[in-house]
Amino acid sequence: MAEVHVIGQIMGASGFSESSLFCKWGIHTGAAWKLLSGVREGQTQVDTPQIGEMAYWSHPIDLHFATKGLQGWPRLHFQVWSQDSFGRCQLAGYGFCHVPSSPGTHQLACPTWRPLGSWQEQLARAFVGGGPQLLHGDTIYSGADRYRLHTAAGGTVHLEISLLLRHFDRYGVEC
Amino acid sequence: MVSEKSHLGNQQEPVQEEPKTYLLSMTARRGPRSLPPIPSTSRTGFAEFSMRGRMREKLQAARSKAESALLQEMPTPRPRRLRSPSKKELETEFGTEPGKKVESTQQEIDSQSHSRVKFRDSARKIKPKPQVPPGFPSAEEAYNFFTFNFDPEPEDSEKKTKASHREGTNQEEEEGEEEEPPAQGGGKETDEEELLNGDDAEDFLLGLDHMVDDFIAVRPADYESIHDRLQMEREMLFIPSRQAVPTYKKLPENVQPRFLEDEGLYTGVRPEVSRTNQNIMENRLLVQDPERRWFGDDGRILALPNPIKPFPSRPPVETQELSIKGELETMYKKAVKYVHSSQHMIRSGDPPGNFQLDIDISGLLFTHHPCFSREHVLAAKLAQLYDQYLARHQRNKAKFLTDKLQALRNAVQTGLDSEKPHQSPDTIQKTINDYKSEIRQTRKLRDAEQEKDRTLLKTIIKVWKEMKSLREFQRFTNTPLKLVLRKEKVDQKADEEAYEAEIQVEISELLEEHTEEYAQKMEEYRTSLQQWKAWRKAQKAKKKKRKQAAEEHPYDETEEPYPEEDLVKPIPPEPTDRAVIEQEVRERATQSRRRPGEPMLVPELSLAGSITPNNQCPRAEVLRREDVKKRSLYLKVLFNNKEVSRTVTRPLGADFRVHFGQIFNLQIVNWPESLALQVYETIGHSGPTLLAEVFLPIPETTVFTGRAPIEEMEFSSNQHVTLDHEGVGSGVPFSFEADGSNQLILMTSGKVSHSVAWAIGENGIPLIPPLSQQNIGFRSALKRADAISSIGTSGLTDMKKLAKWAAESKLDPNDPNNAPLMQLISVATSGESYVPDFFRLEQLQQEFNFVSDQELNRSKRFRLLLLRSQEVPEFRNYKQIPVYDREIMEKVFQDYEKRLRDRNVIETKEHIDTHRAIVAKYLQQVRESVINRFLIAKQYFLLADMIVEEEVPNISILGLSLFKLAEQKRPLRPRRKGRKKVTAQNLSDGDIKLLVNIVRAYDIPVRKPAVSKFQQPSRSSRMFSEKHAASPSTHSPNHNADYPLGQVLVRPFVEVSFQRTVCHTTTAEGPNPSWNEELELPFRAPNGDYSTASLQSVKDVVFINIFDEVLHDVLEDDRERGSGIHTRIERHWLGCVKIPFSTIYFQARIDGTFKIDIPPVLLGYSKERNMILERGFDSVRNLSEGSYITLFITIEPQLVPGESVQEKFESQEDEKLLQASEKFQAECAFKFPNRQCLTTVIDINGKTVFITRYLKPLNPPEELLSVYPNNLQATAELVARYVSLIPFLPDTVSFAGICDLWSTSDQFLDLLAGDEEEHAVLLCNYFLSLGKKAWLVMGNAIPEGPTAYVLTWEQGHYLIWNPCSGHFYGQFDTFCPLKNVGCLIGPDNIWFNIQRYDSPLRINFDVTKPKLWKSFFSRSLPYPGLSSVQPEELIYQRSDKAAAAELQDRLEKILKEKIMDWRPRHLTRWNRYCTSTLRHFLPLLEKSQGDDVEDDHRAELLKQLGDYRFSGFPLHMPYSEVKPLIDAVYSTGVHNIDVPNVEFALAVYIHPYPKNVLSVWIYVASLIRNR
């Protein structure tokens, strides 16, 4: 019966080699969690930074969960995409981070990665854009034999998330 | 080691290559040291002993030197050195321990000692061998010889004791070292030795070359003859034979092998072992284990089933090259540009790929065709039978059953014979019994099968004979079919024996059965007999007793109860007779079985026969053949009921086969809903006829191209064909007999062989739409909630197939391989298909939960929050939700729960009328489903939806604004400025206002002076034709005759009421008042929800009522008149204009002149015609009746109406037509963007339908036609009135902001609700059926906006009909609400208005002029003859008069109650007398349609209610719900009169029209008694 409010924003992203970025995000929870209101997933606008290299989205996240257990604490996952000058979109990075577990405001930085692919694919990516993408989006946070996945580091997604917890003390969880 | 040591050697003595090679060669020569040395050489060695001693010294020195060097370098030599003392100790044991192993190391070799050692060594070796060369010393001797020889040698010790000592040690050492048998010496060791020896040998090189021969003994290779070896091996080893072991050896004596598998038991798959290995094993076991424990009943080695699973149980450890797999797979995707389209897209992000379905149509075969000759019929039958025979033959069930029977019998035999000791006799008996019952069953089955086989064979032969006779009879052959009966000879004797044996076995079995049965029966008999006996005894005793009792108490007799029924004496069963059974068995055998010795008949059907050529055939047959030649066939492939492709046309072969062999690749996007083939036949040059439709099953997702089997799909057609030649026709009786008896009727039928499969893409990915896509489409949208069910159905059908297959293929239920299958089948067939659709991921979830699910779900707060976020209407606008559960009342949910409960319960309370209640429910459901469908589409926003961008001022705008500076400040004719639009998101209560600007009104009815009771006004019986002419007013203006205060004719004011808020203007004077006032009314959205969807569905109506303000002088005393005024203001309702809010919302503003809806009877008022005053204006105005008001209505701030979604709907229309219509629309929109052009519309099922399909003559109700049988125009009016009585329900309300759905006329009449289009379509259809020329007019009207009217051509002029009101207007009527015309739609064409003007006043309606009207179907695109979507005929049920009467009473009651409610502070009296008068009067009004009864009525009322001042009027409305009626009554404001002694009268009359269309009349009146 505990409740969690996740209120915050996806500030933006930095460190990507591409410039026009947007981000698809989603929040994944375990079975014990019930979304009372808000949307689980979304997509930001494309930001083309004019000054500096950080892309700012300032995309709001506002979710209200009820939970009957701690398992499956919400985790955020991101797909950062870049849009090139032809308006084509390509993947720039996958990222994932847990929603903090202590109440208050948190500044999060979520590093991202992207699949490297074979050398042909790398070559193709360098010249004609596109790039390897995960076939299954949940690989971002699921643990398979990930050593087979060869990745390159992308930039960082910055988040500012405030957390309100309610009634956790009632069930012996101190926060 | 080796290399190092050689290295060491090099270090020690750097030698050139040459000597080294030499050395090596030398060692090679010395290699065979193991050979026994020749004694002579050793003797020669003795001579140089002293020399050797010297040499040894030298060597010793070299060796110590080398050793010291070695020690410095590496530790290996150390242990040897350390060990040397211990070796000294071992000296004594030297001889006794010859086998002791000592390190073999480099040692400077004394050739003599070496040879000595060798000698000893070899001697020892030879010792076991019997053939020692004669004269050779024995080992003992040799040993003794050497040892003895050693000590006494004087010179040695003399020369140098130290040296000798050292030599001794050396020798010992060496001896010890050489103990190791060099013969077997490992190559490595010898290598070492050799190398080092080589090093040592350097010393030899100094001068001992000549002595080499002395050191080497050449000996032959040690060899053991193969025979010896084999001999030896034979003695020691056992080699099992590879020969197969005969079974009897493996089994206990006199035991037949028993094969469990044949008995039908599952034995499992034995592991694969090669036959040879098995034989070897068996042979070995037979020798090793004579008890034969290792052999099973079947004589094979006992084995567990193959333990190897066919699949890996452990994830394969992959090598690097196969690395990435499964979910980690990445795919290179090109950079994609997202196309923004309003198309309905699947949400899954991935753009819908193209999927491919391959349909392979290989051919067609007719099993019957009209052109079949009689012979063909027989041939087809024969072929069919033969197929059946082949199928049966292949399955050979009889054989299988016979074998099974045999196996079972064997099993019983073995079970009886060899009783295994460890099994209890009980179990054996039980198994035997089981077997026996099994035998019985099997035998029965076998008999049946055999009989079937036999009859089939007989039938085949019979048909063949018939065919032969037919061929003979008609003297020609049509079919190449030829049946050959092959006789298979059988051994007569063996056969007979087998037959007899079989019969005997059967007889014995039957006998046994019978005896068993007999025994059982006997047992039963005995028990029952005993019972019976006992009973008899008891009975007798009782009787006796009774007799005694009767003697004692004669009266009790009757009371004696009979406790039991009389038992019948049981009859003993009869024993069975062997002869009888035998008789039976034999009879059956002859029937169902081949007779012994009878040859086996094997029919063989071949196509080897020859067909009689045409010239030898009779004429009828030739005709038939020619007819066949003329015929050709093709198949159409229909995907989702749309033709996607067709095969080539192929002629029909003489054998009635058509080969197509075409593969169609269907590129599809959605999951297919249906797949069908249509078989078309063309005869000669005539058009194709549809023979039959074959529905193909949509393949499962596992069926891929290349793997799909060719399947045959049968089809048949019900066409009736009679032919004038030999062909037998189809669906007509014919007979083979000459007398025409035994008639047959055959229908055209055949088989299509085809295969349907999913294609596989380039990269091996099957092109199958995902399952989630299966439920896309409108119909599926209804099933959205239970998508699983739709998938499940296909699975279920498959399940049945599966079960059938399992039954057919005789799956062994015990086989663990089949276990999951069996379970699945049992689950599916038992109907409890509970397959858990989940698996548990978080195993420990339960343990760590804070609360249970139930508790979580019980939380009221969470529920409220959830419902709010789901936008459930009741909770959508909750702003704040309490923090604690306890603060939330339970009753919050009550309404919601009630609604959920009542979703399927039709409640009649609100609707009174059940039919309308049902319709309302239905509409609700349609609405929900449509909305569901569009929810997805609505989520796609365009940039313009999200961003409002102010235009950056450019030079032209600046220039314009400069011009504006020069403009007049206050222009004489100001224009309305466009206002900023506001999106509806951030609005709240009170933000929105409705602005109503009432400009002026024309022709308001004026008060009429009270006519005296007896004056009968002349009633002008106006006919239809007169209406258009100016009707001369019969009433002369009569000023201030009756009105004491010298009032003007009328003092009208306007009251606007909206959402129960009322505003009114000031009072103006005269029949043509001008107010020019702006009224402001607040707007409240339902539930405070200002979203677009909610605003669109606002059903509220703006009532604009016109009242007359009447002043009554209530001064009671005439004397006071001079000093005071005491008047009361009364208001009399004159009429109203109703404008729905939704219209205002969509139009943004409404500006125009509207006809005031004036009640047909307005007592005390009449239309004033002041011809003198306004002559000029009148001539135009009086063209039409009625009063008008000019209004301007808008909403402040301006709201953005929801865009209707431009959707592409699926359609069944021809693709060409759709393209043409798109093109047409685009062209029209390009030329005249503001004119409405409609070619396709969406029907109620969400499919696009071409618009002309809606128009078709449809019969109006008979009832209406019979009213004015001769007057067409009157009938037309009546029909229009009927149509207008069907309630109006705008689509935009029901399908908020989505689309306009067109229902067909029958649907419309069933629903009894629709908007302009439906009304117009129905009216147009009626007019067409009345024989009028009628069109649908699509255009703009006020106040409706874009709408549909009906245009008719009367003699010489056009009439425009408003279908919703039933009014009609001439083309040149200025007050016609239709303001512009976009297009005309007829039953067979569409004409778009391409004239310069679009106002009906200024255009020409002659559609034949292509310059004025652009037609859709023209010469280039002829009208294809589209079938109508309308029904053939409308069926009207007579309305239930009783129900209408009941409804009438209830309505009256409700309205009366309401009026009383609205007057809470006053007493409401009802004047019954007046009410009854009014009630009588209302039917008259209905009959005359509200025309021209005023005067009669007035007179009558006056007559009856002479003493009352009466004000009231009848309201007329179509009936839909109660609420609009109440609103209408409320808006008249009758209840507002607060004169103390007022009385009211209210009467309701409902006139039922066919199809439950109800016309409601409400007469409300207030009466004030005159004093």
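The structure is a predicted model, in which local features need pLDDT of at least 70 and side-chain atom pairs count only at pLDDT 80 or more, while totals for chains, interfaces and linings use all residues. Residues are numbered from 1 along each chain as its sequence is written, chains are lettered from A and ligands numbered from 1 in the order in which they are written, and side-chain values use heavy atoms, with hydrogens and water left out.

Chain A makes a friendly starting point. It contains one helix and ten strands (helices, H or I, of at least four residues and strands, E, of at least two are DSSP runs numbered from the N terminus). Read from the N terminus, the order of these elements is β-β-β-β-β-β-β-β-α-β-β. Of the 175 residues in chain A, 53% are buried (buried means under 20% relative accessible area, exposed over 50%, and partly exposed in between, with a 1.4 Å probe and protein chains only). Among contacts in chain A with a separation of 6 or more, 75% are between residues 24 or more positions apart (a contact means heavy atoms within 4.5 Å). The accessible surface of this chain is about 7800 Å², and carbon and sulfur atoms account for 53% of that area (areas come from the Shrake-Rupley method with a 1.4 Å probe; for residues, only the protein chains shown count as cover).

On the surface of chain A, a nonpolar patch brings together Trp119(A), Leu123(A), Phe127(A) and Val128(A), with about 510 Å² of accessible area together. Patches are made of residues with over 30% relative accessible area and no salt bridge; like charges are joined within 9 Å, and nonpolar side chains (Val, Leu, Ile, Met, Phe, Trp, Tyr) within 5 Å. Leu123(A) sits in helix 1 (residues 119-128) and is partly exposed, at 44% relative accessible area.

Across all chains, the structure holds 35 salt bridges (a side-chain nitrogen of Lys or Arg within 4 Å of a carboxyl oxygen of Asp or Glu). In one of them, Lys404(B) pairs with Glu438(B), with the closest N and O atoms 3.4 Å apart. Lys404(B) belongs to helix 16 (residues 397-417) and Glu438(B) to helix 17 (residues 425-474) of chain B, so this pair ties together parts that are 34 residues apart in sequence. Both ends are partly exposed, Lys404(B) at 21% and Glu438(B) at 31%.

A salt bridge also joins Glu1109(B) and Arg1051(B), at 3.3 Å from N to O; here Glu1109(B) and Arg1051(B) are both buried. Another links Glu1227(B) to Lys1414(B), the closest N and O atoms being 2.7 Å apart. Because Glu1227(B) lies in helix 35 (residues 1215-1231) and Lys1414(B) in strand 37 (residues 1413-1415) of chain B, the pair ties together parts that are 187 residues apart in sequence. Glu1227(B) is partly exposed, at 33% relative accessibility. Salt bridges with shared partners also connect Arg440(B), Arg443(B), Glu509(B), Glu513(B) and Glu516(B) into one network.

Finally, Thr647(B) occupies the loop between strand 7 (642-646) and strand 8 (650-651) of chain B. This residue is buried, at 4% relative accessibility. Leaving aside residues up to four places away in sequence, Thr647(B) touches Ile361(B), Tyr634(B), Leu635(B), Phe660(B), Gln662(B) and Phe664(B).
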